[in-house]
Amino acid sequence: MLIGFDPLVPDVGNQRLSRFLNWYDWDALTNQYIQDLQTCSHGYLSYQIVEKILVDGFPNKKDGFVYSLNDYLQAWQTQSGFHQPDLADYTKIIIDFNIAGKINTGVIDEVWLFGMPYAGFYESVMVGPAAFFVNAPPLPMTGIQRSFIIMGFNYQRGVGEMLEAFGHRAEFVLGRVFRYTSGNANLWERFTRYDKLYPGQAECGTVHFAPNSQTDYDWGNTAFVPCRCRNWLKFPDLSDPPVMINCAEWGNGEIRQHHIWWLSLFPHLSGQSNGISWNWWEYVADPSRVQ
């Protein structure tokens with residue numbers, strides 16, 4: 001289910017807020033995101049929007065506050081006066097759009113929210129009986145029979161940032177998958193190594209840290225480091241020695257290209273070891289599979 005909060009601006013011919021402020025077309029962002037995830041997952045993820053809801057207004061905050069259009073535009077233009085606390089009322093969203101019923105009957109598998117800056121959305125949050133932390137505290141609501149994820153997107157930003165939100169979701173899910181494993185059996189710990197923390201032992205890094213990054217978001221670092229990232233293309237054979245690589249390997253600092261590269265290296269084969277599937281996408285797509 002896709003729910004977009006995009007109010008009309010009457011003074012400019014009822015343009016949507018996203019168009020009035022020259023932000024992205026969130027239909028186009030959605031299509032690009034779906035295509036990128038299908039590519040990254042080697043065809044495993046094939047999202048379909050089965051219900052799209054356009055809301056002519058702002059989401060309620062958890063404390064009950066709702067922006068008026070004029071108040072929001074004034075805050076945006078002055079970059080001051082935004083309401084705090086910022087968090088949206090997820091319980092209200094779930095109730096208002098009958099999300100629990102649609103999850104329980106299998107009509108939908110997850111929810112994507114689109115909104116303006118300061119809409120109050122988490123990048124991702126898990127809801128349900130076995131919910132756990134996926135970049136936000138879990139929301140264990142009653143009446144929901146299986147856990148699912150709500151993604152929160154900002155149409156002021158691009159598909160690269162959407163993939164980053166998905167990448168953080170993946171980090172938390174896979175960290176939980178491998179939480180009881182150690183040493184060489186913890187393939188996730190090995191996958192996420194980068195040179196700053198593991199000199200000479202870099203593999204694929206994390207969403208924020210490429211194999212040669214020195215700081216957060218340092219995806220454009222031109223320094224060469226020995227790295228085993230290419231071995232993951234031949235998983236489960238990870239035995240080749242490292243090769244010298246730099247940011248040319250993942251798009252020379254472009255956010256979308258780095259995230260596509262990083263996600264594409266996830267194992268995606270049949271088989272398992274230590275009771276964990278060799279297709280990590282099974283867990284990222286459906287975190288209710290995580291024990």
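**Reading the model**

Modeller: Let us start with one proline: Pro85 is placed in the loop between H3 and H4. Helices (H or I, at least four residues) and strands (E, at least two) are DSSP runs, numbered from the N terminus. The peptide bond that leads from Gln84 to Pro85 is cis, with omega near 0°. Pro236 is in the loop between strand E8 (225-227) and strand E9 (243-245).

Biologist: Before we continue, on what basis are such features reported?

Modeller: The model is predicted, so local features need pLDDT of at least 70 and side-chain atom pairs count only at pLDDT 80 or more, whereas totals for chains, interfaces and linings use all residues. Residues are numbered from 1 along each chain as its sequence is written, and side-chain values use heavy atoms, with hydrogens and water left out.

Biologist: How many helices and strands does the chain have?

Modeller: The chain has nine helices and 11 strands. For the overall form, one uses the radius of gyration, which is taken over C-alpha atoms, and the globule rule, which is 2.2 Å times the number of residues to the power 0.38. Here the radius of gyration is 20 Å, close to the 19 Å that the rule gives for 291 residues, so the chain is as compact as a globular protein of that length. Its C-alpha atoms fill a box of roughly 60 × 45 × 30 Å along the principal axes.

Biologist: What share of the residues counts as buried?

Modeller: Buried means under 20% relative accessible area, exposed over 50%, and partly exposed in between (1.4 Å probe, protein chains only). By that reading, 52% of the 291 residues are buried.

Biologist: Which residues have the most contacts inside the largest nonpolar core?

Modeller: In soluble globular proteins, nonpolar side chains tend to be buried together. A nonpolar core is a set of buried Ala, Val, Leu, Ile, Met, Phe, Trp, Tyr and Cys residues joined through side-chain atoms within 4.5 Å. The largest such core here has 97 residues, and those with the most contacts inside it are Ile3, Leu17, Tyr33, Ile99 and Phe266. Helix H6 (residues 159-177) supplies the largest share of this core, nine residues. A contact means heavy atoms within 4.5 Å. Leaving aside residues up to four places away in sequence, Phe266 touches several residues, including Ala170, Leu174, Trp188 and Trp280.

Biologist: How many salt bridges does the structure hold?

Modeller: Side chains of opposite charge can pair when their charged atoms come close. A salt bridge is a side-chain nitrogen of Lys or Arg within 4 Å of a carboxyl oxygen of Asp or Glu. The structure holds 14 of them. In one, Arg16 pairs with Asp56, the closest N and O atoms being 3.8 Å apart. Arg16 lies in strand E3 (residues 15-16) and Asp56 in the loop between strand E4 (52-55) and helix H3 (69-78), so this pair ties together parts that are 40 residues apart in sequence.

Biologist: Which residue forms a salt bridge with Asp86?

Modeller: The partner of Asp86 is Lys61, with 2.9 Å between the closest N and O atoms. Asp86 is in the loop between H3 and helix H4 (90-96) and Lys61 in the loop between E4 and H3, so parts that are 25 residues apart in sequence are tied together. Asp86 is partly exposed at 21% relative accessibility, whereas Lys61 is buried at 1%.

Biologist: Where is Asp6 found, and which side chain of opposite charge is nearest to it?

Modeller: Asp6 is found in the loop between strand E1 (2-5) and strand E2 (8-9). For charge, Lys and Arg count as positive and Asp and Glu as negative, while His and the chain ends are not counted. Asp6 is buried yet has no salt bridge, and the nearest side chain of opposite charge, Arg16, is 5.4 Å away. A polar contact is a pair of N or O atoms within 3.5 Å; within protein, one must be able to donate a hydrogen and the other to accept it, and residues adjacent in sequence count only if both atoms are side-chain atoms. The side chain of Asp6 makes such a contact with the side chain of Tyr155, at 3.4 Å.

Biologist: What value does phi of Tyr118 take?

Modeller: Phi of Tyr118 is near 65°, a positive value in a residue other than glycine. Tyr118 is in the loop between strand E5 (111-115) and strand E6 (124-127). Gln79 likewise has a positive phi, of about 55°, although it is not a glycine.
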